[in-house]
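Dear colleague,

I am handing over the structure below, together with notes on a few of its features. Please read the notes with the coordinates open beside them.

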Amino acid sequence: MSEHAVVIAGGGPTGMVLAAELALAKVDVAVVERRPDHLLVGSRAGGFHSRTIEVLDQRGVADRFLAEGQVAQVAMFAATRLDMSDFPTRHPYSLGIWQNQIERILAAWIAELPVRIYYGCEVTGFAQDDTGVDIERSDGQSLRAQYLVGCDGGRSVIRQAADIEFPGWDPTKSNLIAEVEMTEEPDLGIRHDAIGVHALGRLEYEIRDGKVVYKDGGPVRVMLTEQQLGPSSEPTMRDLSAALLTVYGTDFGVHSPTWISRFTDTTRQAAAYRAGRVLLAGDSAHVHYPVGGQGLSLGVQDAVNLGWKLAQVVNGTSPENLLDTYQGERHPVAARALQHTMAQTALQRRDERSKALVDVVSELASMDEPRKRLAGIISGLDIHYDLGEGHPLLGRRMPDLDLLTTDGPLRVFDLLHDAKPVLLYLGEPGGFDTTPWADRVQMIDAEYVGTWELPVLGEVTAPTAVLIRPDGYVAWVGDRTHLGLPEALTTWFGPPTAA
C-alpha cells in the first residue's frame with residue numbers, strides 16, 4: 001500500500017491546480033487519473049475569466065495560458081456583452097482557450113513539481129478512520145492518505161461514497177455538443193430561436209475588435225439545444241444529424257466526429273464540502289448549465305482556496321478546524337454562481353414572451369452600475385469572503401500593486417508565487433513583534449504611490465498594512481496600532497512559535 005499525505009481523485013483542471021498548490025506547500029500529494037495521460041480528446045470547455053487569470057498570475061504561470069489563448073475584453077450575461085475594459089486589474093478580460101490546451105499546460109506545470117500521478121485507474125471506494133483514509137483503486141491497488149479530495153466530476157464517486165447529499169434542480173433542457181467534419185460549408189455563428197441557442201464554429205479562431213473571426217477549414221464545433229430533453233444515454237451521430245436538420249434544415253454532411261456529448265441544465269450543489277477527512281472541489285461540489293463559462297473558473301478557485309488550508313493542516317501549522325472555512329467561503333460563491341447561471345439559462349429562450357424579458361435585462365445591463373455588478377460576478381473579481389466588518393479590502397482580492405521595496409520594484413503577485421502568506425507594511429514598520437510567525441509569513445516593507453481601487457466598489461482608503469493569504473485574499477487590514485493582527489495571524493496561519 002502506497003502512502004501519501006493527500007490523494008486527489010480526478011486529474012482535470014481542478015485536481016491539477018489543487019495538486020500544484022499542495023506541492024508548492026511541500027505536501028506529499030498524488031493524483032488518481034482514469035485517463036492514460038493528460039491528452040484530452042476534444043476541446044471541451046472554452047476558457048476562463050479574469051479572476052482565474054489573476055490566480056494563475058499569482059503563481060507566475062499566467063503567461064503560459066495567455067500565449068495560447070485569445071483575449072476577449074468582455075464578459076457575457078446571457079446574450080448581453082459586458083465591457084470590462086475599465087476594471088482595475090491587469091487582466092480586464094476573459095481568455096478564450098480550449099480545455100485540452102489548458103490541461104496540457106497544467107500538466108506541464110505540475111510535472112515541474114513533486115506530484116505523483118497514477119494514470120489509468122480510478123478511485124472506486126474508501127474507508128476513513130481517525131488518522132486517515134484507505135483508498136481503493138480500479139486496478140486493484142490501494143492507497144493510504146491523511147486526506148482524500150474528490151475532483152471527479154458531477155457524478156462524483158467520492159461524493160456518493162461519502163454520503164454527501166447533492167440537492168438542486170433536475171434538468172429541463174439538454175444540448176448536444178460535438179467536434180465533427182462537414183462536407184458542406186456550415187452556417188457559422190450563434191443562432192437563437194424559441195428552442196434555445198445553437199452555435200457552429202471552427203476550432204481555430206481569432207478575436208478581432210471584440211468579434212470572433214474563424215479560420216478556414218478544419219473541424220467544426222457544434223452546440224445545439226434539443227427540442228425535447230434528451231435521454232441520459234450517450235448521443236449518436238444520428239441524434240446530431242437530426243438536431244442539425246431541425247435547426248438549420250440540413251446536417252451539412254456531418255461526418256467523422258472526434259467526440260459527441262450531451263449536457264443539461266441540471267443544477268446541484270453539495271450540501272457539505274467535507275465529510276471528515278474527505279473533501280470535494282470543482283464539479284464534484286457543484287454542477288450547472290455552462291452558460292457564462294464559469295464552471296472551470298469556479299473549480300480552479302475552489303482548489304486555490306482549499307490548497308493552502310489543507311497544506312497547513314497536513315503540515316501541522318494550523319488546527320483541523322481551518323478546513324471548515326473552505327465550505328464557509330466557497331459554498332456561498334458557488335450558490336450565487338448557480339443562481340446566475342439559472343437566470344442566464346432562462347434568458348436564452350427566444351419566444352416572444354421571453355424576448356421581452358431579454359430586452360429589459362439587456363437594457364439594464366447596458367447601464368454602468370448593473371454592468372459592473374454583473375461583470376464582477378461573472379469574472380470572479382467581486383468575490384467577498386465574510387471575514388467580519390472593517391476595511392473594504394477585508395475578505396476581498398488584494399490588488400496587484402506596483403510596489404517599491406528595498407530589493408527594487410515588485411508586483412504584489414510576485415510575492416505570491418510560492419503560495420506563502422504576506423504581511424505587507426506600507427507605512428513605518430514596527431510596533432508589533434511578528435517574529436513568532438516569521439517562519440511561515442513573509443514580512444515585506446514597501447511603498448506604494450497611487451490610488452487603491454477595487455472592482456465594482458471603486459476607490460477605497462489606503463491602508464497602512466495588509467495581511468494577504470496565499471490565495472490572494474486579504475485577511476487583515478490595519479494601521480500602526482496593529483489592532484487584531486495577532487488574532488488574524490493565529491486564525492489563518494497557526495499559533496505563534498514559542499521563543
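Which residues does Asp 265 touch, not counting residues up to four places away in sequence? They are Pro 171, Thr 172, Lys 173, Tyr 289 and Thr 345, where contact means heavy atoms within 4.5 Å. Before going further, please note that this is a predicted model, in which local features need pLDDT of at least 70 and side-chain atom pairs count only at pLDDT 80 or more, while totals for chains, interfaces and linings use all residues. Residues are numbered from 1 along each chain as its sequence is written, and side-chain values use heavy atoms, with hydrogens and water left out.

Asp 265 lies in the loop between strand S19 (254–264) and strand S20; helices (H or I, at least four residues) and strands (E, at least two) are DSSP runs, numbered from the N terminus. With a relative accessibility of 9%, Asp 265 counts as buried (under 20% relative accessible area, with exposed over 50% and partly exposed in between, for a 1.4 Å probe and protein chains only). Its side chain makes a polar contact with the side chain of Thr 172 at 2.4 Å, the term standing for a pair of N or O atoms within 3.5 Å, of which, within protein, one must be able to donate a hydrogen and the other to accept it, and residues adjacent in sequence count only if both atoms are side-chain atoms.

Strand S20 also belongs to an open sheet of three strands, ordered S12-S20-S23 with antiparallel pairing (two strands pair if DSSP finds at least two bridges between them). Strands S12 (168–169) and S23 (286–287) stand at the edges with a single partner strand each, so one side of each is left without a neighbour in the sheet. Two bridges join S12 to S20 (residues 267–269), and Gly 168 has Arg 268 in S20 as its bridge partner.

A further open sheet of three strands has the order S3-S7-S4, again with antiparallel pairing, and its edge strands are S3 (47–48) and S4 (70–72). Three bridges join S4 to S7 (residues 94–96), with Gln 70 opposite Gly 96.

The largest nonpolar core holds 90 residues, such a core being a set of buried Ala, Val, Leu, Ile, Met, Phe, Trp, Tyr and Cys residues joined through side-chain atoms within 4.5 Å. Its largest share, 10 residues, comes from helix H7 (residues 295–314). A second, separate core of 20 residues includes Val 412, Trp 452, Val 460 and Val 466.

Best regards
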